[in-house]
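Here is a quick briefing on a single chain, written for someone who likes the cut-offs spelled out. Have a look at the model first, then read on.

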Amino acid sequence: QVQLVESGGGLVQPGGSLRLSCAASGSIFSMSAMGWYRQAPGKERELVARIPRRGSTDYADSVKGRVTISRDYVNNTLYLQMNSLKPEDTAVYYCNAQIASSWRETFRDYWGQGTQVTVSS
């Protein structure tokens, strides 16, 4: 069993900052790409940022220059540093990871339960 647990969401004023964390635990043999997605009310879930095991990161155009994704490979933890937050960043933020639970298995997508980020004055 694999679990992804997000933390760090909350209410912040426009222009403020938040740091989201996502801790992966359980039966983890290997992890490939990890990423953050978000879903605002009435909208589809969208990619915010993605970081592969090797290679360059990807960011949504709407967050480039304001957001930094990073990961701790030893502790299987993913982070999202968000600065200069705007009201349109308000959404539930979800952590995603591609994980193989044993050497026999292919990578599967796992999702966290989500953490609410609200940007409002």
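**Around Arg 66**

Leaving out residues up to four places away in sequence, Arg 66 touches Gln 81, Met 82, Asn 83, Ser 84, Leu 85, Lys 86 and Asp 89, where contact means heavy atoms within 4.5 Å. Keep in mind that this is a predicted model, so local features need pLDDT of at least 70 and side-chain atom pairs count only at pLDDT 80 or more, while totals for chains, interfaces and linings use all residues. Residues are numbered from 1 along each chain as its sequence is written, and side-chain values use heavy atoms, with hydrogens and water left out.

- Arg 66 sits in the loop between S6 and S7; strands here are DSSP runs (E, at least two residues), numbered from the N terminus.
- With a relative accessible area of 11%, Arg 66 is buried (buried means under 20% relative accessible area, exposed over 50%, partly exposed in between, with a 1.4 Å probe and protein chains only).
- A polar atom of the Arg 66 side chain lies 3.0 Å from the backbone oxygen of Ser 84.

**Salt bridges**

- The count comes to four salt bridges, each defined as a side-chain nitrogen of Lys or Arg within 4 Å of a carboxyl oxygen of Asp or Glu.
- Arg 66 forms one with Asp 89, and their closest N and O atoms are 2.8 Å apart. This pair links distant parts of the chain, 23 residues apart: Arg 66 is in the loop between strand S6 (58-59) and S7, and Asp 89 is in the loop between S8 and S9.
- Shared partners join Arg 38, Glu 46, Arg 66 and Asp 89 into one salt-bridge network.
- Arg 38 also forms a salt bridge with Asp 89, with the closest N and O atoms at 3.0 Å. Here the partners are 51 residues apart, with Arg 38 in strand S4 and Asp 89 in the loop between S8 and S9.
- Asp 61 and Lys 64 meet through their side chains in a salt bridge (3.2 Å, N to O); Asp 61 is exposed, at 67% relative accessible area.

**Strand pairing**

- Strand S1 (residues 2-7) and strand S3 (residues 18-26) run antiparallel and are joined by six bridges; two strands pair if DSSP finds at least two bridges between them. Leu 4 stands opposite Ala 24 in S3.
- S3 also pairs with strand S8 (residues 77-82), again antiparallel and over six bridges. In this pairing Ser 21 faces Tyr 79 in S8.

**The nonpolar core**

- The largest nonpolar core has 29 residues, and Leu 4, Trp 36, Leu 78, Leu 80, Met 82 and Tyr 93 touch the most other members. Such a core is a set of buried Ala, Val, Leu, Ile, Met, Phe, Trp, Tyr and Cys residues joined through side-chain atoms within 4.5 Å.
- Strands supplying at least two residues each include S1, S3, strand S4 (30-39), strand S5 (46-51) and strand S7 (67-72). S9 gives the most, with five residues.
- Beyond its neighbours within four places in sequence, Leu 78 is in contact with residues including Leu 20, Met 34, Trp 36, Ile 51, Ile 69 and Cys 95.

**Out at Arg 104**

- Arg 104 lies in the loop between S9 and strand S10 (108-111) and is exposed, with a relative accessible area of 69%.
- Arg 104 and Pro 41 are 63 residues apart in sequence and 39 Å apart in space, C-alpha to C-alpha.

Technical notes: Helix = DSSP H or I, 4+ residues; strand = E, 2+ residues; numbered from the N terminus. Polar contact = N/O pair within 3.5 Å; in protein donor to acceptor, adjacent residues only side chain to side chain.
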